[in-house]
There are 2 protein chains.
Amino acid sequence: MPDYQAPLRDLRFVMDELLDYPAHYARLPGAEEVTPDVVGAILEEGGRFAREVLLPLNQSGDREGCLLEGGEVKTPSGFQAAYRQYVEGGWPSLAADPEQGGQGLPHSLAMVLNEMICATNLAWGMYPGLSHGAADALRHHGTEAQKATYLTKLVEGVWTGTMCLTESHCGTDLGLIRSRAVPTGDGAYEITGTKIFISAGEHDLAENIVHLVLAKLPDAPEGSKGISLFVVPKYLPDEAGEPGERNGVGCGSLEHKMGIHGNATCMMHFDTARGYLVGAPHKGLACMFTMMNAARIGVGIQGLGLTEASFQNALAYARDRLQMRALSGAKAEDKSADPIIVHPDVRRMLLTQKAFAEGGRMLVLYTAQMVDVVEHGQDAVECERAETLLGLLTPIVKAFLTEVGFEATNEGVQVFGGHGFIQEWGMEQLVRDARITRLYEGTTGIQALDLLGRKVLMNQGETLKVFTKEIHKFCQAEAANPAMAEFVRPLAKLNTEWGELTMGVGMKAMGDREEVGAASVDYLMYSGYVTLAYLFARAVKQARSALDAGSEDAAFYRTKVNTARFYFERLLPRTRAHAQMIQAGAESLMALSAEDFGRGFEI
Amino acid sequence: MPDYQAPLRDLRFVMDELLDYPAHYARLPGAEEVTPDVVGAILEEGGRFAREVLLPLNQSGDREGCLLEGGEVKTPSGFQAAYRQYVEGGWPSLAADPEQGGQGLPHSLAMVLNEMICATNLAWGMYPGLSHGAADALRHHGTEAQKATYLTKLVEGVWTGTMCLTESHCGTDLGLIRSRAVPTGDGAYEITGTKIFISAGEHDLAENIVHLVLAKLPDAPEGSKGISLFVVPKYLPDEAGEPGERNGVGCGSLEHKMGIHGNATCMMHFDTARGYLVGAPHKGLACMFTMMNAARIGVGIQGLGLTEASFQNALAYARDRLQMRALSGAKAEDKSADPIIVHPDVRRMLLTQKAFAEGGRMLVLYTAQMVDVVEHGQDAVECERAETLLGLLTPIVKAFLTEVGFEATNEGVQVFGGHGFIQEWGMEQLVRDARITRLYEGTTGIQALDLLGRKVLMNQGETLKVFTKEIHKFCQAEAANPAMAEFVRPLAKLNTEWGELTMGVGMKAMGDREEVGAASVDYLMYSGYVTLAYLFARAVKQARSALDAGSEDAAFYRTKVNTARFYFERLLPRTRAHAQMIQAGAESLMALSAEDFGRGFEI
């Protein structure tokens with residue numbers, strides 16, 4: 001069975017040393033007392049929960065899946081008990097506002113814990129995972145009465161939440177939705193329609209489920225400007241605020257999926273279900289984006305967690321499995337063969353996983369500081385900068401970390417050879433579970449359009465410049481440091497090229513808007529590789545300082561420098577391909593007619 | 001449900017026009033009468049069988065899987081009837097020797113049909129698929145009596161075959177096997193041991209199963225030089241040659257796998273099973289390689305088939321699914337949104353699939369001519385050249401086409417968005433089925449070592465030069481043709497670089513053998529991209545000739561040129577990354593100790 005240990009040492013490095021979380025928390029209103037000791041204790045406890053409670057249910061949950069009977073969904077054995085333990089441990093409310101029953105700890109801390117949950121049981125983690133988004137939307141856009149009714153319950157995890165957006169004919173293009181909301185005359189609405197792909201839409205973990213639903217009012221304008229957001233509880237709260245009358249919403253069927261079998265992916269029927277408008281009429285999409293941005297970062301963290309899980313188990317296997325001798329001569333002469341970790345190509349796969357895990361962790365924690373500042377920061381200038389950078393990095397976190405997460409989990413299978421394909425070992429499950437992360441909350445293609453079209457080009461690259469300037473400053477500060485040259489020189493070159501490529505696409509896009517879509521995914525991947533290069537270069541600087549100061553943990557820091565070197569030598573060169581493809585233009589993509597595509601097989 | 005049409009038009013282009021199969025068959029002993037009309041009729045019939053008989057069983061076979069009860073394996077519903085139809089149609093014996101009941105058609109033709117089988121039902125195709133390898137091994141290494149007993153039955157498909165190599169502790173490193181063969185004194189042997197991952201090890205499709213088993217004789221030398229090959233039938237043939245007494249071999253359990261659920265992957269117990277030595281004692285590995293080389297090309301064809309299947313269905317979906325408007329303005333104003341095929345990034349994904357399908361098909365058919373010549377050629381010089389090139393291309397066909405096949409099937413899922421993750425649509429099954437192809441018959445890592453270590457460096461690049469010279473000649477011949485410049489210039493540059501990179505690794509490897517493993521997978525991928533570039537450049541030349549000649553099918557040829565352009569602009573640039581990684585050397589891979597890898601999470 002797969003094992004997992006929370007990467008506490010690496011987290012300590014990234015938080016305490018690289019990104020100076022102690023200072024960050026000291027300045028963050030409400031987080032002044034979140035010292036490294038406090039953080040350490042919480043992360044250790046969280047790691048234990050993930051390993052001891054969630055991990056043992058991951059494979060069994062995948063095998064069992066969910067069962068729909070008489071409209072009720074039965075989650076896999078043990079999921080309920082684990083959820084109870086999660087709620088009793090106070091985990092759901094960790095980062096929530098004390099006013100709504102939360103513990104008021106920083107969001108960044110919840111994000112770190114989320115990595116551990118995703119690493120050990122993604123399907124389970126999606127039950128509580130979506131409640132945060134629902135709570136966020138209500139906190140930002142709900143009335144006081146709505147907040148009073150739903151927020152504390154969601155925050156404490158007594159109830160869970162969902163996001164009901166997609167319909168069978170539309171996912172990305174929500175302007176096409178058909179669900180309707182008709183005013184009842186008493187301030188409420190009757191919601192009717194069918195939603196698909198609703199994660200945790202129905203289950204047996206919590207006593208109520210709070211659906212946030214997109215639907216159209218009778219007088220709605222056409223398209224995406226005519227969508228409103230409604231809160232639709234499974235049970236209508238009674239006067240005491242407890243689950244009362246059953247509402248007209250139910251699960252029609254469960255999807256049979258490639259992975260995340262333990263999570264109930266529901267088709268939800270709303271049949272004149274009673275709902276309440278959240279935010280202004282026709283402004284539902286904007287409200288939903290509040291949820292979506294957090295959810296997108298959450299999905300990036302899923303990619304990270306699965307990467308780490310796959311890495312740890314592939315490493316254990318590679319140390320243990322004896323097969324062939326090293327090409328340079330036997331390394332374990334007392335054994336029948338060498339452990340496969342002696343082989344350079346096995347090391348290449350393990351280091352790919354390791355570099356994406358550690359790079360992804362830096363990216364998430366770097367982004368998490370911005371989330372903290374946007375939520376709680378006091379300095380307007382700082383908040384604006386954080387919001388700008390957060391907007392830029394969100395699609396990168398989401399799409400880049402899930403793309404490389406899929407690659408990394410596949411490397412894990414590859415290290416296991418044929419055994420990787422067998423369910424028993426658990427490696428193929430990580431691939432199947434990872435596969436959804438490239439799709440939901442906006443596919444990689446959608447994230448790439450968001451990055452290049454909205455975040456970068458819409459203001460002529462000004463947002464990007466905020467980030468590239470930061471990288472430029474770092475490179476300049478280290479320019480005279482010979483020990484950093486192998487990292488800083490390529491980084492500085494890429495940073496300049498990033499701007500040039502952006503300008504190039506921008507110019508072309510003025511002539512033909514399709515140039516944006518033609519370049520977007522390669523642009524996103526390029527951006528991800530450069531961003532991680534920046535963070536790895538900073539990690540090297542930090543590690544070198546520790547080594548120079550004579551750290552007792554020299555092996556950790558030397559390993560960090562070498563992992564960065566591997567990243568620069570073996571993963572960063574992919575930017576050479578992406579740069580060429582960004583510049584290739586739309587022509588060869590647009591030349592064929594829809595019919596042309598089929599000329600090899602259609603008669 | 002997914003659909004499939006055999007790519008007959010593209011096959012005609014590659015066979016009749018690009019690679020001049022009519023002339024190839026005309027010169028091939030025994031194939032003189034295999035005219036384009038004959039080929040066309042066979043392919044059309046094969047395509048119909050694949051589409052009408054195999055395709056409808058693909059999803060149901062995946063869902064049902066195989067069942068082991070009382071030692072008997074029940075295959076999914078319909079598999080038996082389809083197999084009967086396959087045997088009655090004479091398909092198994094198509095390319096076999098008429099002396100053994102075969103129809104004596106060229107192997108290349110069977111390979112083309114194999115693409116269709118793999119595209120429509122890989123799990124089913126693996127039942128007959130392994131019989132060819134078993135028959136090959138017996139034909140090359142069996143005694144006359146063994147041939148008489150087993151060959152005709154295998155060739156006709158009345159019996160099927162297996163390859164029993166892997167044991168739980170060893171796959172790649174067969175020198176470690178523990179299965180034993182003890183002489184019985186009457187010329188036979190008693191085989192005892194347990195084999196795992198035996199595809200089609202037990203099933204209900206045929207009346208007997210012929211296992212080819214690796215085991216060690218009592219006096220066997222240590223390691224891979226002490227392995228012998230045995231034929232071990234499930235039922236011992238009686239005097240009439242019909243299945244008689246049950247032999248001591250049986251299926252102990254079925255593996256639960258990520259994909260190919262319809263195929264029985266068996267753990268096979270041999271308990272003093274009666275077996276017969278094939279070939280010389282202790283020379284079993286060499287005999288097994290006869291089977292393995294054909295099997296490796298067969299796995300490459302699986303990658304190709306799955307690519308084509310995923311492409312065709314993603315294309316249908318992209319034409320049909322309405323979502324968003326084109327960035328450059330609405331294209332289907334009468335509809336609620338544009339079909340997603342208008343979006344450049346969707347086109348990028350479809351073209352990636354299309355280019356890998358068409359490029360892979362050219363590579364397989366180019367290689368298939370060499371298989372024909374090696375099997376039936378009369379000219380010694382030509383045969384030697386074919387054997388040399390075949391050795392070089394086999395690991396590329398196997399590993400490159402399965403790596404890009406996995407990518408292509410994943411692009412298929414991505415085109416479907418969230419629906420791609422749902423089993424009903426069939427796209428995720430193609431990914432799960434494709435995943436095994438990167439692993440079995442030698443992982444990509446093993447193929448890469450075979451290519452770089454054995455095929456290329458072992459004779460100082462002489463073998464590679466046979467191929468790069470051919471490419472060089474083509475480039476020279478086209479150098480003055482301005483219409484070909486956009487293809488020939490980059491190809492010529494890459495071809496030169498290929499030699500330089502090879503020399504570079506070779507020089508380094510003289511100092512440190514680990515440099516081979518450090519560069520190998522990137523080298524293989526680089527080689528694959530250049531090989532496909534060569535074939536696409538030739539395809540352009542051919543297409544241009546047809547256009548210049550005023551072909552009535554101009555749309556097909558223009559599409560071909562554009563697909564090649566896409567390949568050169570959007571896929572070939574990946575060589576820039578691989579070239580850098582090939583040159584990166586072993587240092588950053590070998591620097592860490594086995595302990596160092598775990599320093600981020602191990603305490």
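## Domains from the record

UniProt positions are given here in the numbering used for this model, with feature names shortened, and the annotations may be inferred rather than shown by experiment. From that record, an unreviewed entry, comes "domain: Acyl-CoA oxidase/dehydrogenase middle" at residues 163-271 of chain A. The model itself is predicted: local features need pLDDT of at least 70, side-chain atom pairs count only at pLDDT 80 or more, and totals for chains, interfaces and linings use all residues. Residues are numbered from 1 along each chain as its sequence is written, chains are lettered from A and ligands numbered from 1 in the order in which they are written, and side-chain values use heavy atoms, leaving out hydrogens and water.

Residues 163-271 of chain A come out as 0% helix and 47% strand, with their end C-alpha atoms 17 Å apart. Helices (H or I, at least four residues) and strands (E, at least two) are DSSP runs, numbered from the N terminus. UniProt also lists "domain: Acyl-CoA dehydrogenase/oxidase N-terminal", again from an unreviewed entry, at residues 80-157 of chain A. That span is 72% helix and 0% strand, and its end C-alpha atoms lie 12 Å apart.

## Two chains, one axis

How does chain B lie on chain A? A turn of 180° with a shift of 0.0 Å along the axis does it, at an RMSD of 0.0 Å; the superposition is by least squares on C-alpha atoms of residues with pLDDT of at least 70 in both copies. The two copies are thus related as by a two-fold rotation axis.

They also meet through the same surface, because 100% of the interface residues of chain B are interface residues in chain A too. Contact here means heavy atoms within 4.5 Å.

## Aromatic pairs

Searching the whole structure turns up 57 aromatic pairs over all chains. Rings of Phe, Tyr and Trp (its six-membered ring) pair if their centres lie within 6.5 Å; planes under 30 degrees apart are stacked, over 60 edge-to-face, and the rest tilted. Take A:Tyr317 and A:Trp425: with ring centres 5.4 Å apart and planes at 80°, the pair is edge-to-face. A:Tyr317 sits in helix α9 (residues 284-320) of chain A and A:Trp425 in the loop between α11 (380-415) and α12 (427-437), so the pair ties together parts 108 residues apart in sequence. A:Tyr317 is buried at 7% relative accessible area, while A:Trp425 counts as partly exposed at 33%. Buried means under 20% relative accessible area, exposed over 50%, and partly exposed in between (1.4 Å probe, protein chains only).

Another edge-to-face pair is A:Phe601 with B:Phe311, at 6.0 Å centre to centre and 80° between the planes. A:Phe601 belongs to the segment after α19 (587-590) of chain A and B:Phe311 to helix α9 (residues 284-320) of chain B, so this pair joins two chains. Both A:Phe601 and B:Phe311 are buried. Elsewhere, A:Phe49, A:Tyr83, A:Tyr86, A:Trp91 and A:Trp124 make up one aromatic cluster.

## Arginines worth a look

A:Arg435 lies over the face of A:Phe406, 5.4 Å from the ring centre, and B:Arg9 over that of B:Phe556, at 3.9 Å.

A:Arg438 is in the loop between α12 and α13 (444-457) of chain A and is buried, with a relative accessible area of 8%. Not counting residues up to four places away in sequence, A:Arg438 touches residues of chain A including A:Phe406 and A:Glu403, plus B:Asn410 and B:Gln414. A:Arg180, in strand β4 (residues 180-183) of chain A, is partly exposed at 41%. Leaving aside neighbours within four places, A:Arg180 contacts A:Glu190, A:Ile191, A:Thr192, A:Ala215 and A:Lys216.

## Helix α1 and the cysteines

Which residues of helix α1 (residues 8-18) of chain A are buried? They are A:Arg9, A:Asp10, A:Leu11, A:Phe13, A:Val14, A:Met15 and A:Leu18. These pack against α2 (21-27), α3 (36-54), α6 (107-120), α10 (344-376), α16 (514-548) and α17 (554-571) of chain A. After α1(A) comes A:Asp20, with a positive phi near 45°.

A:Cys170 is in none, the nearest cysteine sulfur being that of A:Cys164 at 13 Å. In chain B, the sulfur of B:Cys170 is 13 Å from its closest counterpart, in B:Cys164, which is too far for a bond. A:Cys170 is buried at 0% relative accessible area, and B:Cys170 is buried at 0% as well.

How values were computed. A disulfide is a pair of cysteine sulfur atoms within 2.5 Å. A charge sits over a ring if NZ of Lys or CZ of Arg is within 6 Å of the ring centre and within 35 degrees of the ring normal.
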